[in-house]
Amino acid sequence: MIGITSYGAYIPRLRMERTAMFEAMGWFAPALIMVAQGERSFCNHDEDSLTMAVAAARDCLAGLDKGAVTQTCLCSTTLPFLDRQNGAILASALNLRREIVTADFTSSLRAGTTGLLAALDGVRADEERTILVAATDKREARPGSFYEMWFGDGAASVLVGREGVLAEFLGSYSVSYDFVDHYRGAGKRFDYTWEERWARDEGFAKIVPEAVRGLFEKLKITMAEVDRFVFPCLFKAEQKAIARSLGASPEKVADNLHELCGETGAAHALLMFVSALEQAKPGERILLLGYGQGCDALYFRVTENINRLKPRRGVAGSLANRKSSGNYLKFLKFRGLIEPEEGIRGEAPTQTALSALWRKRGMILGLKGGRCTKCATAQFPRMDICVNPACQAAGTQEDYEFADRKGRIKTFTGDLLAVSDDPPAIYGMVQFDGGGRFMADFTDCELSGLKVGMPVAMSFRRRYVDGDRGFSGYFWKAVPLTGVAAIDEIRFDGRVAIVTGAGGGLGRAYALALAARGARVVVNDYGGTRDGSGEGSSQPANRVVEEIRSLGGQAVASYDSVASVQGGENIVKKALDAFGRVDILINNAGILRDKSAIKMEEQDWKAVLDVHLDGAYHVTRPAFRAMREGGYGRIVMTTSASGLYGNFGQSNYSAAKMALAGMMNTLKLEGQKYNIKVNTVAPTAASRLTEDIMPPEVFQRLSPDYVTPLVMYLASERCEDSGFIVNTGAGYVSRAAILTGPGTKIGDGQRIPTVEDIRDDWEKINRISPGKEYVDAGSAIVSLLTTQGQTPEQPQAALPEPGGVGEVFRNMAANFQAEAAAGLDLIFEFQIAGPGGGDWSVTIRDGACRVEEGRAARATTTIIMADEDFLKLLTGELDGMKAFGSGKLKVEGDLMKAQLIGKLFKIKKP
């Protein structure tokens, strides 16, 4: 079997409102109003067709073995180089292996499907091949034209191979004609276009049906055997008319995305194809067309593997990550259609030394740094000597890729003096998880939205353009992950979730939140009364499903009771039948039958355990099986304070809830090797179960919305912890844990202790501090058997005295220079390590100074030093710049504000 094994897409964050374009140019071309609906995507000033192709390809290859790629096909009509293979730059940016074939496909809007056909033929000819296809375009149009409205910028990528095929290739048919409805001559910037009627009536209306009918005849199929009809067409009405003439009902025809991003040229066929794959179910058949100087028709069948692919940003994530703009002049500037004055600062030389580019190609194009093989310290750039002061080994560096490493902002600034297409120029220090840092330009962000500690992703961007020589230079920039940036936002695109008891309260809140973030949800609710008696009802689950669908989400209802084995099996089967997989299970269903233990009847005890404990088992067991097959899962149990700490009149409920924590502790071990994480939430929230238990004023404050964010995190792939119990409610979150005290040995170890020995040592046995957690029963038992205990006579370790550093901060307010603080609103945080150190925050506001022990919630600037170095700095024994350069002084946040400390305080060593 050959076909598509992965996919990815990229649409720039920026969107131009077509109404704003009409407002700017409608005086000149009033007819533009006819196509002024929605938005079109447009590249940032540092993006072009090549950077978009890299972004789409990275999305496609996420989580896969890049070393398996043997060839690339880069397809575009707007590649930056005519005589430098753009595909080779793509391969270098992706850090693909050297033994690879690269090729550029261009000169036709059909280039995307032509490249895909070439890849399919290549894999058919050689079973060892895995070929990456990336299609991209950034087409220009004259201001005030229909094409300026119609066009959009974007890229899509697919991987073609034989292993893990998610869309099997069943056949193709192509026709080729020198039909010219537009062209762009060599050296020309804009297309020359013929009238739209010619393109519509003689082009689309005749060539597309010919290719489709040719495919149908070749494969002996009809439109009845097509579930999704994907073909790009500028004219939405003509797209529908062609589909109708070929027998395709409207629901089969993929939207041409005009209102969302515009027509993305050579990328558009694959972009629409990726969008179709994001929504496809196993067994569906997709007919894909590429149009331009003829037509390619390709036929695919979706397989079960579609549900096993790790969720991508894709088209849906790219469309969600948008910033709408009505600034038409900025749009023109970013596309180089106007040339504002930049002053002499803009005259810096831009010639690229090709020899240096070759020698440092891994660093520049692939963002490769180094990692010490002796101490594992990562650094950028790679150098001969390890930067770790404790190592400093020479010649131990190996290549280390930073492009896919997560990073965070350490410092940042906005520079209004530097030349920038989008001032201010924003740059700062990026610290990578796992080590390594470097100074980077920031892009796709606004200065007001940045803060220290914010996560960033690295993005391949155009660094400059040498207009005199026609050379584009590229490097990597940091993209702060804010708002709905799909790369960092916790989303569940492609995931399937089951929520039990989801007809109201907490379950409803979970289901809505999961669907809003892209999950397909099974809304389970038996629809019974609060105590579980009486007949069930389909209405609660149906209402939530309709609510999700009205908001554009995907959901199905389940009315089975969790209290039976068959009910649990049916709930999971509903997910598998509707969506093909199970990724997330939130065991939330519950009832209450409160009575004191003496008054409680057996049926009350059993009914509560049937739903809470047995119900969780009934659904978890088949869901766990499906997750194990998929190699991924997140399970959230629901306990309560009653189970963890006890509550009068709820012995049945408490027993069930505490038992769920024990069930979690074992499942976390059994799911470890299958990437199945199991955690437990203890919510305090208003629901129909607690409506008459809580005081009215408390009930109002305990909205389920306060609990939902924690549960969303526990249900996400970002959560790598397992076996946690977390309390939450009313905006407060805390972890609960079962702790074991330090223990003590009773007697001399030669005889069995007596009851009196236990009595005499009870105070030592009773100690819980310092408590310790254990990951499993084995480690707890080993610890018990090997503990040596302590005797009361053993002296406790003396705590370090605060020393000189503490006195500095106790006297800091007295040394404050109020006259130097006019208009300042700052928070300095000091993290001083060592036996005499500690954490302090100093707030400067309204001409006053407040010094507090502990870290600040939001520090303007953070100073990090060892205690001895800090005191030497104050007395002048240690030079500040030398301390900073040697790493003894570290500054996070706003670096420039750190210089104010010397003016605001006159500090002397005590």
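## Surface patch, cavities, backbone and salt bridges

Trp 198 is partly exposed, with 34% relative accessible area. The model described here is predicted. Trp 198 sits in helix α6, which spans residues 196-219. Together with Val 180, Tyr 183, Tyr 192 and Trp 194, Trp 198 forms a nonpolar patch on the surface. The accessible area of this patch totals about 530 Å². Membership calls for over 30% relative accessible area, so Trp 198 qualifies at 34%.

### Cavities

Rolling a probe the size of a water molecule over the atoms shows where empty space is left. Across the whole structure, a search returns 4 cavities of 30 Å³ or more. The largest cavity holds about 250 Å³ of space. Its lining counts 21 residues, and Leu 109, Asp 181, His 182, Phe 204 and Leu 234 come closest to the centre. By type, the lining of the largest cavity splits into 11 nonpolar, 6 polar and 4 charged residues.

The second largest cavity has a volume of about 70 Å³. It is lined by 13 residues. Nearest its centre are Asn 587, Ala 589, Val 611, His 612 and Ala 616. Which helix gives the most to this lining? Helix α16 does, with 5 residues. Both α16 (602-630) and α18 (651-670) supply at least two residues each. The lining of the second largest cavity divides into 6 nonpolar residues, 6 polar residues and 1 charged residue.

### Backbone

Most residues other than glycine have a negative phi, and most peptide bonds are trans. Several places in this model depart from that pattern. The bond from Phe 380 to Pro 381 is cis, with omega near -5°. Pro 381 belongs to the loop between β16 (378-379) and β17 (397-401). Another cis bond joins Pro 423 to Pro 424, with omega about 0°. Here the setting is the loop between β18 (407-415) and β19 (425-432), where Pro 424 lies.

Ala 376 is not a glycine, yet its phi is positive, about 70°. It is found in the loop between β15 (368-372) and β16. Ala 376 is partly exposed, at 49% relative accessible area. Asn 675 also has a positive phi, near 60°. The loop between α18 and β28 (676-683) holds Asn 675. At 28% relative accessible area, Asn 675 is partly exposed.

Is Gly 553 buried or exposed? Gly 553 counts as buried because its relative accessibility is 18%, and the limit for buried is under 20%. Gly 553 lies in the loop between α14 (539-550) and β25 (554-558). Its C-alpha atom is 26 Å from that of Glu 629, a residue 76 positions away along the chain.

### Salt bridges

Side chains of opposite charge can pair when their charged atoms come close. The whole structure contains 51 salt bridges.

| Glu 398 | Arg 371 | 3.3 Å |

Glu 398 and Arg 371 meet in a salt bridge. The pair ties together parts 27 residues apart in sequence, because Glu 398 is in strand β17 and Arg 371 in strand β15. Glu 398 is partly exposed at 31% relative accessibility. Arg 371 is partly exposed at 30%.

Glu 546 is partly exposed at 47% relative accessibility. Arg 549 is partly exposed too, at 42%. Elsewhere, salt bridges with shared partners join Asp 46, Glu 47, Asp 444, Arg 461 and Lys 477 into one network.

Notes
Residues are numbered from 1 along each chain as its sequence is written. This is a predicted model: local features need pLDDT of at least 70, side-chain atom pairs count only at pLDDT 80 or more; totals for chains, interfaces and linings use all residues. Side-chain values use heavy atoms; hydrogens and water are left out. Patches are made of residues with over 30% relative accessible area and no salt bridge: like charges are joined within 9 Å, nonpolar side chains (Val, Leu, Ile, Met, Phe, Trp, Tyr) within 5 Å. Accessible areas come from the Shrake-Rupley method with a 1.4 Å probe; for residues, only the protein chains shown count as cover. A salt bridge is a side-chain nitrogen of Lys or Arg within 4 Å of a carboxyl oxygen of Asp or Glu. Helices (H or I, at least four residues) and strands (E, at least two) are DSSP runs, numbered from the N terminus. Buried means under 20% relative accessible area, exposed over 50%, partly exposed in between (1.4 Å probe, protein chains only). On a 1 Å grid over the protein atoms alone, a cavity is a set of points where a 1.4 Å probe fits but cannot get out, and a pocket is an open set with protein on both sides within 12 Å along at least five of seven lines; lining residues have an atom within 4 Å of a point. Grid points are joined across faces, edges and corners, and a volume is the space filled by probe spheres set on the points. Ala, Val, Leu, Ile, Met, Phe, Trp, Tyr, Cys and Pro count as nonpolar, Asp, Glu, Lys and Arg as charged, and the others, Gly among them, as polar.
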